[in-house]
Amino acid sequence: MIKAQIENGVVVNLIEVDPQRIPAWAATWVTPPAGTHIGFTYSGGVFAPPIPPAPTSDQVDAERDRRLAGTMTFMGMEYDVDQKSLARITGAATLAGFALAAGAQPGNFLWHGGSEAFTWITADNTLVQLDAQMTFNLGKTAAANETLHIFAARALKDMSPIPADYTADAYWP
């Protein structure tokens, strides 16, 4: 038979005892139903699993950061958007913006001043040629992706309580 030690309405210990020889120190312990674990609550003769604490803002931020370290879709391809990749995209988009201001035309893959077509490596290591307009739009898409994740996290943190399933894709872009 199992006996449960209850302190302040919470199961703090479970022991198996011989029903014919229950130790005196466990005589007042309660016999719980099967499946009861340490941490269960006990009130009015009823055992219940503990209610997990609501997620914290820090947990939402960690989920946001995890998602931002992944990929985003641009022109049907997946691109890495971790911190280093995002810095590279931002730099390329800035260079593309200057080229556009200087008159770079669509379809000109030498807009960057090099002798080889401007090429980006996608998340699956596919090489993609990008003109200045595409490169600038890659940067705009990356910035929008980051903004959408930041505001999705903000919306979650503004909920009271934060939903237990805050990691569900339904909450995120």
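Predicted model: local features only at pLDDT ≥ 70, side-chain atom pairs only at ≥ 80, totals over all residues.
**View B. Extent and start of helix α2.** Helix α2 comprises 19 residues, 83–101. From the first C-alpha to the last, α2 reaches 27 Å, close to the 27 Å expected at 1.5 Å a residue. At the start of α2, the backbone nitrogen of K84 has a side-chain oxygen of D82 within 3.1 Å.

View C. Buried in α2 are S85, L86, I89, A92, A93, A96, G97 and A99. Viewed down the helix axis, the buried residues of α2 fall within an arc of 160°, so they line one face of the helix. An α-helix has 3.6 residues a turn, so residues three or four places apart point the same way. Elements covering the buried residues of α2 include β6 (77–80), β7 (119–121) and α3 (132–158). The face turned away from the buried side carries the exposed residues Q83, K84, A87, R88, F98 and A101.

View D. Helix α1 spans residues 57–68, 12 residues in total, and reaches 16 Å between its first and last C-alpha, close to the expected 16 Å. The residues V60, D61, E63, R64, R67 and L68 of α1 are buried. These residues cover an arc of only 160° around the axis, which puts them on the same side of α1. The buried residues of α1 pack against α3, whereas D58 and R66, on the other side of α1, are exposed.

Key:
Residues numbered from 1 in each chain as written. Heavy atoms only, no water. Helix = DSSP H or I, 4+ residues; strand = E, 2+ residues; numbered from the N terminus. Expected span 1.5 Å × (residues − 1). Buried < 20%, exposed > 50% of the residue type's maximum accessible area, 1.4 Å probe, protein only. Arc of directions from axis to C-beta. Contact = heavy atoms within 4.5 Å. Polar contact = N/O pair within 3.5 Å; in protein donor to acceptor, adjacent residues only side chain to side chain.
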